[in-house]
Amino acid sequence: MLNSVKRGFRRNAGIAIAALAAGFIAAAPAQAGPTLDKIKERGVIKVGVGSQAGFFAPDANGRWQGFFVDFGRALAITVFNDPDKVEFTNSSPQQRLPALQAGQFDILLSAVTQTITRAFKLNFHFGPVVFYDGQGILAKKSLGVTKAAELDGATIGVQSGTTGEQNIADFFKKAGKTYKSVVIEDTATFTQALTSGRVDALTQDGTDLGLRRAALPNPDEYVLLPERLSKEPLAPAVLGGDDRWLEIVNWTVYTTIQAEEFGITSENVDSFLTSEDPAIKRFLGVDPSLGQAIGLDPKFAYNIIKKVGNYGEIFERNLGKSTKIGFDRGLNNLWTKGGLIYSPPFR
């Protein structure tokens with residue numbers, strides 16, 4: 001009898017200690033981390049970007065605009081609640097990775113592809129994939145095709161010395177269709193092969209084709225098909241060793257995605273402040289418990305959406321059908337709409 005009482009006491013005491021510990025964990029303020037400390041001391045986030053219209057480019061007034069630029073501004077809102085406390089620097093593909101390693105940037109938002117060697121060999125950590133890219137096909141709209149498999153028997157231009165030759169061959173073989181390949185060595189005449197009628201379509205990285213289409217005098221006569229023939233997941237990159245900074249980047253991106261999942265936009269966000277949905281109340285900071293638990297401004301998600309917008313707004317504003325680039329969202333649609341864009345829960 002006495003032993004059973006002791007066992008019960010120890011069991012109840014263990015439960016109480018575990019519950020108490022869980023309470024302390026939930027209430028403990030999050031640590032800043034060395035990167036955030038440096039950023040706050042400097043007063044600005046340093047971001048490495050590229051130079052492609054729609055993704056990152058200065059406007060006529062020298063102000064940076066673009067898809068990746070908007071995520072940089074969202075990050076500045078998370079840290080400072082000010083979208084302008086961010087410094088964008090154009091960095092070439094050859095320069096950007098060494099610059100990040102050397103500490104010249106706090107983050108790369110320059111269309112960096114997430115790869116295993118960059119993670120292990122270069123010690124980079126990647127945030128959520130914000131753009132799923134890959135080899136695409138640009139075709140004449142007059143062909144009336146809406147997907148690549150409908151190009152059966154078409155003449156397709158490919159650039160020599162690239163993996164595109166094998167990718168397009170594999171695609172048509174798998175689809176059980178035929179095509180005629182025209183190998184083009186001169187990059188400068190690649191687009192001309194399509195406009196002159198030498199080929200029915202071109203295959204290259206989807207982003208490259210989108211930009212080529214936008215530069216044409218009559219872009220509406222061509223369509224960038226939705227398929228991608230290779231995997232090029234583009235994600236924010238930070239230097240390894242500061243988990244806190246990585247998580248700030250992660251959840252800044254996830255905020256834009258979760259907002260779109262909720263149907264919250266920059267235009268209607270205020271109407272959601274009276275929602276009775278507990279998940280939305282936590283997300284927008286009406287219930288401040290979430291922000292307090294993770295050590296961020298409880299209103300950080302609201303501020304991002306109000307000033308920058310949700311993921312869909314960012315995409316459509318910079319790359320979508322109403323822009324000169326005219327990208328179809330494809331894999332970059334929400335998971336609920338057949339895409340790969342997905343946010344973990346905010347709880």
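Hi everyone, let me start with helices: α3 passes α13 in a right-handed crossing. What we have on the screen is a predicted model, so please keep that in mind as I go.

Let's stay with this pair for a moment. Helix α3 covers residues 67-80, and helix α13 covers residues 311-318. Their packing angle is about 140°, and their axes lie 9 Å apart. Who makes the contact? From α3 we have Phe67, Asp70 and Phe71, and from α13 we have Tyr311, Ile314, Phe315, Arg317 and Asn318. Sorted by class, the contact of α3 with α13 has five nonpolar residues, one polar and two charged.

Now, α3 has another partner, helix α9, which spans residues 243-262. Here the packing angle is about 115°, with 10 Å between the axes. With that angle, α3 is therefore roughly perpendicular to α9. The crossing of α3 past α9 is right-handed. On the α3 side, the contact residues are Phe71, Ala74, Leu75, Thr78 and Val79. On the α9 side, they are Trp245, Ile248, Val249, Thr252, Val253 and Thr256. How many charged residues are there in the contact of α3 with α9? There are no charged ones; the residues divide into eight nonpolar and three polar.

Let's follow α9 onwards. It packs with helix α12, residues 300-307, at an angle of about 65°, and the axes are 10 Å apart. So α9 and α12 are roughly perpendicular to each other. α9 passes α12 in a right-handed crossing. From α9, the residues in this contact are Trp251, Thr252, Thr255, Thr256 and Ala259, and they meet Phe300, Ala301, Ile304 and Ile305 of α12. By class, the contact of α9 with α12 comes to six nonpolar, three polar and no charged residues.

In what order do its strands run? Five strands form an open sheet, ordered β10-β9-β11-β8-β12, with mixed pairing. At the edges sit β10 (179-184) and β12 (222-224), each pairing on one side only. On average, neighbouring strands of this sheet are turned by 25° against each other, ignoring direction. Zooming in, strand β9 (residues 154-159) and strand β11 (residues 201-205) run parallel, and two bridges join them. If you look at Ile156, its bridge partner in β11 is Ala201. Helix α8, residues 206-215, packs on the sheet, where it touches β8 (135-140), β9, β11 and β12. The direction of α8 makes about 125° with that of β11.

Next, some electrostatics. The structure holds eight salt bridges. One of them pairs the side chains of Asp106 and Arg42, with 2.7 Å from N to O. This pair links distant parts of the chain, 64 residues apart: Asp106 is in the loop between α4 (93-101) and β5 (107-108), while Arg42 belongs to helix α2 (residues 34-42).

Which residues have a positive phi although they are not glycines? Ala111 is one of them, with a phi of about 60°, and Asn123 is another, with about 65°. Where do they sit? Ala111 is in the loop between β5 and α5 (116-120), and Asn123 is in the loop between α5 and β6 (124-126).

How values were computed
Residues are numbered from 1 along each chain as its sequence is written. This is a predicted model: local features need pLDDT of at least 70, side-chain atom pairs count only at pLDDT 80 or more; totals for chains, interfaces and linings use all residues. Side-chain values use heavy atoms; hydrogens and water are left out. Two strands pair if DSSP finds at least two bridges between them. Helices (H or I, at least four residues) and strands (E, at least two) are DSSP runs, numbered from the N terminus. Axes are lines fitted to C-alpha atoms, for helices over the stretch in contact, and angles run from 0 to 180 degrees between N-to-C directions. Contact means heavy atoms within 4.5 Å. Angles under 35 degrees count as roughly parallel, over 145 as roughly antiparallel, 65 to 115 as roughly perpendicular and the rest as oblique. A crossing is left-handed if the near helix is turned anticlockwise from the far one by less than a right angle, and right-handed if clockwise. Ala, Val, Leu, Ile, Met, Phe, Trp, Tyr, Cys and Pro count as nonpolar, Asp, Glu, Lys and Arg as charged, and the others, Gly among them, as polar. A salt bridge is a side-chain nitrogen of Lys or Arg within 4 Å of a carboxyl oxygen of Asp or Glu.
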